[in-house]
Amino acid sequence: MSDQEIISLYKEGRCEQAFSEIVRSYSERLYWHVRRFVVSHEDTDDLLQEIFIKIWAALPSFREEAQLFTWLYRIATNETLNFLNKKKIRAALTFESITSELERCVDADPYFDGNEAERLLSKAIARLPQKQRTVFCMRYYDDLSYEQISEILGTSVGALKTSYHLAQEKIRIFLEKN
Amino acid sequence: MAVKNDIFEGQHRTPYSVPEGYFASLQDRLQAIPERDRQVVPLWVKARPYVALAACVAMAFVIGNAFLGRVAAGSADAEYRQLISEVPYTDPYYIFQETEDVEEYSQEFLADYIIESGMTMQELEYLLEK
């Protein structure tokens, strides 16, 4: 079902059916979107539950100023970044770095099925600052346009292009060293 | 490792997998969210925390009132001296002594406390550096 059809269902008052279609159309896409940030399958699964609970709660307040796709990705991205911020605070208290933890997750993840180059790339991405990692993953893996990312994150296209370029450079340097 | 120029070009594969049948079970779990939300909570369960709070306030009021009434009722001097003698006095010297019974807070407790306080990452980093 297309986004327009889902919105029509919701406008007709069939919220549960609209939510059901959102789950069918977006659960897998949002899973991968979140997974690229948090790496761990278990954390992603927990987060996804929270995200869809938020989506269900926020559905009555959905306005068509944004596209459904943008709105869903915005909720998912915000929840994921909140989760990572909490993880960062917990890591800071033990004087550990969340970057190290994410890199460890890449190595320890039983569901990692990439080759060595992909493993290095995943680690390079884990080392990026949060903003650059967010932009890079959305552009590189989700293949979103800068305009779409701008709508989701509320950042200008120019700033996004700069973030992406800086992320690319850092990844290149890391891969060359390793 | 030589970095190929095409690493940022073309289709990009996410190098992770999921347990077999995961997405089917995921959808089933997510579809259950509206149903869970619909479960009716009895009114008395909803009101329980407020009733408990009201009971605490009422008890504090009754006890405080009885205590203050007793103090005001009798002889001011004698009762005052009696009251003062019952208040434990601690020599300031001992206040700063360390005791062995120090409660240790777990990292998890501290992390939850900091997160709920709304402290930002920048503030935390500043405090940790000091």
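The residues lining the largest cavity of this predicted model divide into 9 nonpolar, 2 polar and 2 charged. About 100 Å³ of space lies in that cavity. The structure holds 1 cavity of 30 Å³ or more. Of the 13 lining residues, the closest to the centre are Arg36(A), Val39(A), Ser122(A), Ile125(A) and Tyr16(B). Three helices of chain A give two or more residues each to the lining: α2 (15–38), α5 (98–108) and α6 (116–126). The largest share, 3 residues, comes from α6(A). Asp142(A) lies in the loop between α7 (130–140) and α8 (146–153) of chain A, whereas Arg36(A) belongs to helix α2 of chain A, so the pair ties together parts that are 106 residues apart in sequence. Over all chains, the structure holds 8 salt bridges. Side chains of opposite charge can pair when their charged atoms come close.

The interface of chain B and chain A was examined next. On one side, 36 residues of chain B are in contact; on the other, 47 residues of chain A. The area buried between the two chains is about 4,200 Å². Carbon and sulfur atoms give 65% of that area.

Charged pairing across this interface comes to 1 salt bridge. Arg29(B) forms this bridge with Asp45(A). The closest N and O atoms of Arg29(B) and Asp45(A) are 3.0 Å apart.

Four helices of chain B give two or more residues to the side that touches chain A. They are α1 (22–31), α2 (33–38), α6 (107–117) and α7 (121–129). The residues on this side of chain B divide into 22 nonpolar, 7 polar and 7 charged.

Key. Residues numbered from 1 in each chain as written. Chains lettered and ligands numbered in written order. Predicted model: local features only at pLDDT ≥ 70, side-chain atom pairs only at ≥ 80, totals over all residues. Heavy atoms only, no water. Contact = heavy atoms within 4.5 Å. Buried area = accessible area lost by both parts, 1.4 Å probe. Salt bridge = Lys/Arg side-chain N within 4 Å of Asp/Glu carboxyl O. Nonpolar A, V, L, I, M, F, W, Y, C, P; charged D, E, K, R; others polar. 1 Å grid on protein atoms, 1.4 Å probe; cavity = no way out; pocket = protein on both sides within 12 Å on 5 of 7 lines; lining within 4 Å. Points joined across faces, edges and corners; volume = space filled by probe spheres on them.
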